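Hello,

Here is the structure I promised to hand over. Please open it first, then read my notes below.

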Amino acid sequence: MLGSVLLSASRSPRLRQAVTSVPATRTLVERFVAGEQRADAVRTASALVARGLRVTVDHLGEDTTDLATAAAVRTAYLDALASFADAGIAKDVEVSVKLSAVGQALAKDGEAVSLDNARAICEAAEAVGTTVTFDMEDHTTVDRTLAVVHALRADFGWVGCVLQTMLRRTEADCRDLSGVGSRVRLVKGAYKEPESVAFQAKADVDRSYVRCLETLMAGQGYPMVASHDPRLVAIAATLAERHGRGRDDYEFQMLYGVRPDEQRRLADDGYRVRVYLPYGTDWYGYFMRRLAERPANVAFLLRALASRG
Ligand SMILES: Cc1cc2nc3c(=O)[nH]c(=O)nc-3n(C[C@H](O)[C@H](O)[C@H](O)COP(=O)(O)OP(=O)(O)OC[C@H]3O[C@@H](n4cnc5c(N)ncnc54)[C@H](O)[C@@H]3O)c2cc1C
């Protein structure tokens, strides 16, 4: 219930203003976000790589409504990729991109603009020897996002995408995307979705996760198991072994600031672990989704809001 209120709040401009103007919120935001500048992302990513982790960097922002902002986001990614190369970490640091940030949501030519910007980011990633994974947003965007991924994979076979197990369609999408070279990041899903398209009970989302994992692990692609759920992490390792996968044939992924000890434990045990690391000024939507996943985090935020004086 609280989670669902927070997800609605994540799209409210009035609440955005209230939450982002409170200085004390920053301390909580810093737990989940590297910082506002590219240099913050490079510094934090370098530290994670030095600890044996891989990284996927997200330039924060979504639901872009004008061409200039979409172009600025694309430039931000090109600059970030160049900085990772300069810092000597590009091999271990890829980028995650939301298509709505690079123009998918534009009223005019959204599809073409986002594909064009996404292609430029893929070219830059390939030039420095890394990859791109496209995030998945709410269910209304799934077909359009998969169409872009499909188009890009014709030129960049390594392009990855996210599938959300809360959506009823995802088992079928996993079957379609389990072929050679396919990189799929499997998540539970962070958006508020109607019952017509999504499982509502946590147990159903978890069961769907296991069925999807089965398909991906049995397939010929590269599964990216993105969850902090200890039960699902253990099931993924067992399924991988059962399907004859070595520890280089799949990876675990977790969010920056969530279960960092577990991230290190898995890496120390010889598993591939990638940390999703966001940076930038537009952190409100991302931050509210993190609060919604763990309402215990909200107590800190409420205390911060109450003390704004
Ligand atoms: C690498 C990565 C990329 C993602 N990309 C997308 C995407 O493109 N689209 C999308 O819809 N969703 C995305 N997500 C979010 C995902 O859908 C879930 O909302 C999120 O991962 C929480 O689900 P969980 O599998 O960790 O399980 P849960 O059952 O939610 O959590 C399991 C345990 O993990 C811990 N935990 C989980 N979340 C938090 C938190 N915010 N703060 C503190 N502790 C926490 C708690 O201990 C909790 O008990 C991504 C997640 C990851 C890890």
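**What I found**

Asp63 has a relative accessibility of 35%, so Asp63 counts as partly exposed (buried means under 20% relative accessible area, exposed over 50%, partly exposed in between, with a 1.4 Å probe and protein chains only). This is a predicted model: local features need pLDDT of at least 70, side-chain atom pairs count only at pLDDT 80 or more, and totals for chains, interfaces and linings use all residues. Residues are numbered from 1 along each chain as its sequence is written, and side-chain values use heavy atoms, with hydrogens and water left out.

**Loops**

Asp63 sits in the loop between strand E1 (54-59) and helix H5 (67-86). Helices (H or I, at least four residues) and strands (E, at least two) are DSSP runs, numbered from the N terminus. Asp63 is not a glycine, yet its phi is positive, about 55°. Most residues other than glycine have a negative phi. Asp109 also has a positive phi, about 60°, without being a glycine. Look for Asp109 in the loop between strand E2 (93-97) and H6. Asp109 is partly exposed, at 48% relative accessibility.

Gly270 is in the loop between helix H11 (260-268) and strand E8 (273-279). Its relative accessible area is 41%, so Gly270 is partly exposed.

**Cores**

The largest nonpolar core has 75 residues. Such a core is a set of buried Ala, Val, Leu, Ile, Met, Phe, Trp, Tyr and Cys residues joined through side-chain atoms within 4.5 Å. Phe84, Val132, Phe134 and Phe252 touch the most other members. A second, separate core has 21 residues, including Leu6, Val29, Phe32 and Tyr284.

**Helices**

Helix H9 (residues 202-218) has 17 residues. From first C-alpha to last, H9 reaches 24 Å, close to the 24 Å expected at 1.5 Å a residue (the expected span is 1.5 Å times one less than the number of residues). Buried residues in H9 include Val205, Tyr209, Cys212 and Leu216. Their cover includes helix H8 (170-176) and helix H10 (230-242).

How do H6 and H7 cross, left-handed or right-handed? The crossing is right-handed (the near helix is turned clockwise from the far one by less than a right angle). The axes of helix H6 (residues 110-128) and helix H7 (residues 142-153) come within 10 Å and cross at roughly 45°. Axes are lines fitted to C-alpha atoms, for helices over the stretch in contact (heavy atoms within 4.5 Å), and angles run from 0 to 180 degrees between N-to-C directions.

Best wishes
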